[in-house]
Amino acid sequence: MTNTVATHEAFEHPALFYRDEQEYVDRTVSFVQEGLDLGEPVAVAVPGPNLELIRDGLGPDAQAVHLLDMTVAGRNPGRIIPAVLRAFADAHEPGRVRIIGEPVWAGRSAVEYPACAQHEALINAAFEGRAATILCPYDETDLDEEVLADARSTHPTVLAGGTERISDAYDWRAVVARYNEALVPAPDAAVFSFGVDELYAVRAFAVEEAGRLGLTGRRLDDAELAVAELTTNSVVHGAGRGTLAVWAAGGQVVCEVRDAGRLSDPLAGRRPPARGQIGGRGLMLVHYVADLVRLHTGDEGTTVRFYLGR
């Protein structure tokens with residue numbers, strides 16, 4: 001790589017714009033090998049086909065790298081910071097770590113993408129001051145220009161054509177705000193309003209509706225657990241009341257809990273709780289069990305929507 005922008009920040013978060021398979025392999029393998037040469041722990045979390053390209057490009061050195069298929073580990077974008085990035089970095093404190101994370105690919109749906117964009121933005125808050133370099137590849141040939149524009153806003157530097165430049169569009173907070181979209185339940189959703197005395201009843205309602213819509217076994221247990229966590233949060237932190245809506249969409253069961261509370265921490269549900277901390281785990285648990293989580297918070301309150309495949 002040439003003309004690399006010098007940085008004195010502990011955390012570095014460049015985007016890699018690539019145009020073909022060879023460029024992808026050259027840049028990612030070089031990035032990994034540089035880290036190995038420096039003695040840094042290295043992790044790679046990219047979609048399966050790209051993971052195999054990097055594995056093949058590294059040869060025997062692949063054994064020294066923590067490899068993850070992002071379509072599995074990061075299927076829910078909200079799970080990537082705590083379960084992939086922070087999990088690896090925290091396991092190797094206090095030294096510097098090096099990670100490739102590719103959460104955005106052409107197969108991501110329009111429903112998933114806002115959570116992906118917010119994830120990329122929130123990495124900057126989650127790793128502020130941390131000794132880490134996280135490289136995020138973007139396929140210039142397959143991704144929409146809107147996605148590439150967001151990448152320029154969520155990454156302080158962009159590496160393209162072998163040159164790394166400071167992004168003049170960098171403003172991760174604006175991306176978080178832009179995708180803090182109002183969420184409206186489906187017209188045919190089954191709805192249940194609850195307070196402290198209805199916590200058991202709302203959980204039973206969720207199980208009945210999710211089962212009627214096709215969830216069974218562990219997936220039905222996941223729905224019950226997530227609804228229990230969210231409705232309890234509503235009673236404790238959301239003015240004592242809330243509303244649950246359940247419906248089916250795109251082969252998934254969707255559950256949505258809204259209340260009058262407001263989340264002030266943009267990393268809520270993505271920041272691992274401190275050791276000994278009481279509370280703060282409910283929303284993170286929802287991220288861990290769900291296939292996708294969308295969230296909206298504003299003056300009117302907070303809505304948490306999660307998706308579970310049938």
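**Exercise 1. The lining of the largest cavity**

Task: In this predicted model, determine which residues line the largest cavity, and how they divide into nonpolar, polar and charged.

Solution. Step 1: The lining consists of Val 104, Tyr 113, Cys 116, Ala 117, Glu 120, Tyr 138, Val 147, Asp 150, Ala 151 and Thr 154.

Step 1: Helix 5 (113–126) and helix 6 (145–154) are the elements that contribute two or more residues to this lining.

Step 2: By class, the lining holds 7 nonpolar, 1 polar and 2 charged residues.

Step 3: The volume of the largest cavity is about 40 Å³. A search of the whole structure for cavities of 30 Å³ or more returns 1.

**Exercise 2. An aromatic pair at Tyr 113**

Task: State how many aromatic pairs the structure holds, and describe the one formed by Tyr 113 and Tyr 179.

Solution. Step 1: There are 5 aromatic pairs in the structure.

Step 1: For Tyr 113 and Tyr 179, the ring centres are 5.8 Å apart and the planes make an angle of 90°. An angle over 60 degrees counts as edge-to-face, and the pair is accordingly of that kind.

Step 2: Tyr 113 belongs to helix 5, whereas Tyr 179 is in the loop between helix 7 (172–178) and strand 9 (190–195), so the pair ties together parts that are 66 residues apart in sequence.

Step 3: Both Tyr 113 and Tyr 179 are buried. Tyr 113 is also one of the residues lining the largest cavity.

**Exercise 3. A tilted pair**

Task: Describe the geometry of the pair Phe 192 and Phe 205, and decide whether Phe 205 is buried or exposed.

Solution. Step 1: The centres of the rings of Phe 192 and Phe 205 are 5.2 Å apart, with 40° between the planes, and the pair is tilted.

Step 1: Phe 192 lies in strand 9 and Phe 205 in helix 8 (residues 199–212); the pair links distant parts of the chain, 13 residues apart.

Step 2: The relative accessibility of Phe 205 is 16%. The cut-off for buried is under 20%, so Phe 205 counts as buried.

Key:
Residues are numbered from 1 along each chain as its sequence is written. This is a predicted model: local features need pLDDT of at least 70, side-chain atom pairs count only at pLDDT 80 or more; totals for chains, interfaces and linings use all residues. Side-chain values use heavy atoms; hydrogens and water are left out. On a 1 Å grid over the protein atoms alone, a cavity is a set of points where a 1.4 Å probe fits but cannot get out, and a pocket is an open set with protein on both sides within 12 Å along at least five of seven lines; lining residues have an atom within 4 Å of a point. Grid points are joined across faces, edges and corners, and a volume is the space filled by probe spheres set on the points. Helices (H or I, at least four residues) and strands (E, at least two) are DSSP runs, numbered from the N terminus. Ala, Val, Leu, Ile, Met, Phe, Trp, Tyr, Cys and Pro count as nonpolar, Asp, Glu, Lys and Arg as charged, and the others, Gly among them, as polar. Rings of Phe, Tyr and Trp (its six-membered ring) pair if their centres lie within 6.5 Å; planes under 30 degrees apart count as stacked, over 60 as edge-to-face and the rest as tilted. Buried means under 20% relative accessible area, exposed over 50%, partly exposed in between (1.4 Å probe, protein chains only).
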